[in-house]
Amino acid sequence: MEVNTMQTEYILRAMDAALAAGKEILNVYNDPFSDFQIERKADNSPLTLADRKAHEIIMTYLQETDYPVLSEEGKHLPYEKRAQWDTLWIVDPLDGTKEFIKRNGEFTVNIALVKEGIPVFGVIYVPVKETLYWGELTTGAYKMEGVTGRADRSLEEMKHRHSVCLVPKQMKFLLLLLPVPICRPKQKSILRKSERYTHVELVSVGSSIKICRVCEGLADEYPRFAPTMEWDTAAGHAIAKASGAEIYQAGQKEPLKYNKPDLLNPWFIVKRN
């Protein structure tokens, strides 16, 4: 999909939406009197005031586009309706809500544009670090630091003024793990079977930052053997593709697909091609 004028406008709009949502999230995060108004959803996952506010802000930006929005905090239409969507936005207004509640800073805003089940553009914003990752299949993948607002007027300006998410050759295997003990035996079994690496290091990182680490070349692979939803990975998947990496279904050569009947992802592995 080539980046035409309309799509460029939408990409910049998505960046603005992520930055605006990040600002609102930080307002809640940094408020010493905020209790986050934590609720529990049907699957027992937490929902905070920041999740709700970020969703509302992102919707004000994306509802002006021609594409429908599938947001974690929005209404999830049945597949019979969604199957008619050739192109859509997939959004996680606050990825890493548990990290947000822990106040460890490892949470993100994720926005992806998906066409025919394939992520073609993605933006991930890390509010506490003021770091913006973005990638588009024909433009490449980039990382911007110290970002609180978008000053550049075009993608070309951003492309030439900011550092690319390079994927240099690594000398070691760095595996990123979620701090969930039940998942570790499966992940460690992969390490025991691996003969490609002379050194293995295990690191815990929150939210979609793990995918970005692979895009930057700071990790070789990131396997995930625990439940995730499409909005957890869509933006990172687009950035991975643009940086020369991929997210494969575990044990297969097929990448993850999106806007499926079941929005739950299969187990997967993020790796460099």
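1. In which loop does Phe 36 lie? Phe 36 is placed in the loop between α1 and β1 (39-40); helices (H or I, at least four residues) and strands (E, at least two) are DSSP runs, numbered from the N terminus. Phe 36 is not a glycine, yet its phi is positive, at about 70°. Phe 36 counts as buried because its relative accessible area is 4% (buried means under 20% relative accessible area, exposed over 50%, and partly exposed in between, with a 1.4 Å probe and protein chains only).

2. On the basis of the values: this is a predicted model, in which local features need pLDDT of at least 70 and side-chain atom pairs count only at pLDDT 80 or more, while totals for chains, interfaces and linings use all residues. Residues are numbered from 1 along each chain as its sequence is written, and side-chain values use heavy atoms, with hydrogens and water left out.

3. On the protein as a whole: there are 8 helices and 14 strands. Of the 273 residues, 53% are buried. Of the contacts (heavy atoms within 4.5 Å) between residues at least 6 apart in sequence, 62% join residues at least 24 apart.

4. A positive phi also occurs at Arg 103, a residue other than glycine, where the value is near 60°. Arg 103 belongs to the loop between α4 (97-102) and β5 (108-115). With 41% relative accessibility, Arg 103 is classed as partly exposed, whereas Phe 36 is buried.

5. Asn 27, in helix α1 (residues 5-29), is partly exposed at 45% relative accessibility. Tyr 61, in helix α2 (residues 49-62), is partly exposed with a relative accessible area of 27%. Setting aside residues up to four places away in sequence, Tyr 61 touches Arg 13, Asp 16, Ala 17 and Ala 20. From Tyr 61 to Met 15 the C-alpha distance is 9.8 Å, with 46 residues of separation in sequence.

6. Helix α8 (residues 230-243) contains 14 residues and spans 20 Å from first to last C-alpha, close to the expected 20 Å (1.5 Å times one less than the number of residues). At Gly 236, α8 bends by about 25°, the bend being the angle between axes fitted to the seven residues ending there and the seven starting there. Of the 14 residues of α8, 13 are buried. Gly 244 follows α8 and has a positive phi, near 95°.

7. The second largest pocket has a volume of about 160 Å³. Its lining includes Asn 104, Glu 106, Lys 129, Tyr 133 and Arg 213. Two or more lining residues come from each of β7 (131-136) and α7 (209-215). A pocket here is an open set of points on a 1 Å grid over the protein atoms alone, where a 1.4 Å probe fits, with protein on both sides within 12 Å along at least five of seven lines; lining residues have an atom within 4 Å of a point. The volume is the space filled by probe spheres set on the points, which are joined across faces, edges and corners.
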